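The following note is meant for a colleague who meets this structure for the first time. Please read the points in order, with the sequence and the model at hand.

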Amino acid sequence: MDASPRGETSGQGGHYTARMSRANMPNRYQLAEFGALLAEPARAAILLALMDGSARPAGELARVAGVGAATASAHLKRLLDGGLLAVHEQGRHRYYRLADDEVAAWLEAMALPRAPRVPRPQGSDQALCRARTCYRHLAGRLGVAMCEAWMSRGWLLGDSRGMHLATAGAEALAAAGLVEPSPEQLLRLAGRGCLDWTERRLHVGGPLGVAITGAMLDVGWLRRSQRSRALLPSDEGLRRLAQLGVRLDETAH
């Protein structure tokens with residue numbers, strides 16, 4: 001893949017590197033390289049471990065991938081060079097994360113060709129399909145239901161710039177108890193439609209999706225699973241979301 005390293009200052013005084021350039025559509029060689037990066041199971045395991053938006057040290061990623069430190073280091077370097085990962089350096093420590101939410105969206109989309117037309121998850125997959133993080137924003141049936149409900153109410157608008165909240169939408173979220181970010185801050189955030197790999201419909205990605213999901217986690221409408229990137233809605237969260245027009249059809253799957 002075509003990587004364009006670019007520094008990005010963090011709040012902790014460190015820096016990020018290896019951001020991917022997407023100014024042009026990939027040519028056949030770049031697409032082949034993208035496939036090669038994902039073809040190695042250890043690299044795939046590393047990328048999946050970072051799909052929740054976390055930043056992790058090399059040692060932890062080596063354990064997740066089931067490889068030694070030297071092998072993990074080689075894989076991490078290749079993923080960095082390919083533009084799929086970024087690294088945050090803080091003192092003597094290095095923490096790896098996905099380059100951005102677009103990379104996460106690409107990884108989710110890779111599952112679309114083999115996903116069943118009507119997902120029938122079993123066991124722990126049920127929670128992932130119900131609600132999960134796609135990088136740092138809400139995905140799964142709950143994320144799709146939120147996107148569709150708010151668009152039908154005119155609270156969420158889509159145009160050539162992507163997705164953004166209407167004033168009525170931002171005010172409704174504040175009235176429901178999501179006070180951080182403020183309505184004014186939410187109105188300034190851009191979002192985008194992210195194709196959901198289990199539902200094959202759009203949920204809200206980008207900075208807007210991240211901010212809304214983070215607010216729901218902060219007030220306890222959602223909580224993170226300890227075993228996967230599933231998000232678990234609380235009873236209060238489901239009640240508040242229903243007041244905002246968002247309802248899960250549990251019989252659909």
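In which loop is P181 found? P181 lies in the loop between helix 8 (167–176) and helix 9 (183–188), and the peptide bond that leads from E180 to P181 is cis, with omega near 0°.

1. Basis of the note. This is a predicted model, in which local features need pLDDT of at least 70 and side-chain atom pairs count only at pLDDT 80 or more, while totals for chains, interfaces and linings use all residues. Residues are numbered from 1 along each chain as its sequence is written, and side-chain values use heavy atoms, with hydrogens and water left out.

2. Overall make-up. The protein chain has eleven helices and 13 strands; helices (H or I, at least four residues) and strands (E, at least two) are DSSP runs, numbered from the N terminus. Of its 253 residues, 47% count as buried. Here buried means under 20% relative accessible area, exposed means over 50%, and partly exposed is in between (1.4 Å probe, protein chains only).

3. Contacts and surface. Among contacts in the protein chain with a separation of 6 or more, 61% come from residues 24 or more positions apart; a contact means heavy atoms within 4.5 Å. The chain exposes about 12,900 Å², and carbon and sulfur atoms supply 52% of that area. Accessible areas come from the Shrake-Rupley method with a 1.4 Å probe, and for residues only the protein chains shown count as cover.

4. Helix 4. The 13 residues of helix 4 (residues 69–81) should span 18 Å at 1.5 Å a residue, and the end C-alpha atoms are 18 Å apart, which agrees. The expected span is 1.5 Å times one less than the number of residues. Which residues of helix 4 are buried? They are A72, H75, L76, L79 and L80. Seen down the helix axis, these buried residues fall within an arc of 135°, so they line one face of helix 4; the arc is that of the directions from the helix axis to the C-beta atoms. After helix 4 comes G83, with a positive phi near 85°.

5. Aromatic pair. A search of the whole structure finds one aromatic pair. W150 and W155 form this pair, which is tilted, with 6.5 Å centre to centre and 50° between the planes. Rings of Phe, Tyr and Trp (its six-membered ring) pair if their centres lie within 6.5 Å; planes under 30 degrees apart count as stacked, over 60 as edge-to-face and the rest as tilted. W150 counts as buried at 1% relative accessibility, and W155 counts as buried at 15%.

6. The structure holds eight salt bridges, each being a side-chain nitrogen of Lys or Arg within 4 Å of a carboxyl oxygen of Asp or Glu. In one of them, the side chains of R132 and D196 meet at 3.1 Å, N to O. R132 lies in strand 6 (residues 132–134) and D196 in the loop between strand 10 (192–195) and strand 11 (202–205), so the pair ties together parts that are 64 residues apart in sequence. R132 is buried, with a relative accessible area of 1%, and D196 is buried as well, at 0%.

7. R201 and E148 meet through their side chains in a salt bridge of 3.0 Å, N to O. This pair links distant parts of the chain, with R201 in the loop between strand 10 and strand 11 and E148 in helix 7 (residues 140–152), 53 residues apart. R201 is partly exposed at 36% relative accessibility, and E148 is partly exposed at 36%. E148, E199 and R201 are linked in a network of salt bridges.

8. A salt bridge within one helix. R239 and E236 form a salt bridge of 2.8 Å, N to O. The two are three residues apart in helix 11 (residues 235–243), and are therefore separated by about one helical turn. R239 is partly exposed, with a relative accessible area of 42%, and E236 is partly exposed at 34%.

9. Y135 has a positive phi near 65° and lies in the loop between strand 6 and strand 7 (137–139). R200 has a positive phi near 60° and is found in the loop between strand 10 and strand 11. Are these residues buried or partly exposed? Y135 is buried, with a relative accessible area of 4%, whereas R200 is partly exposed, at 32%.
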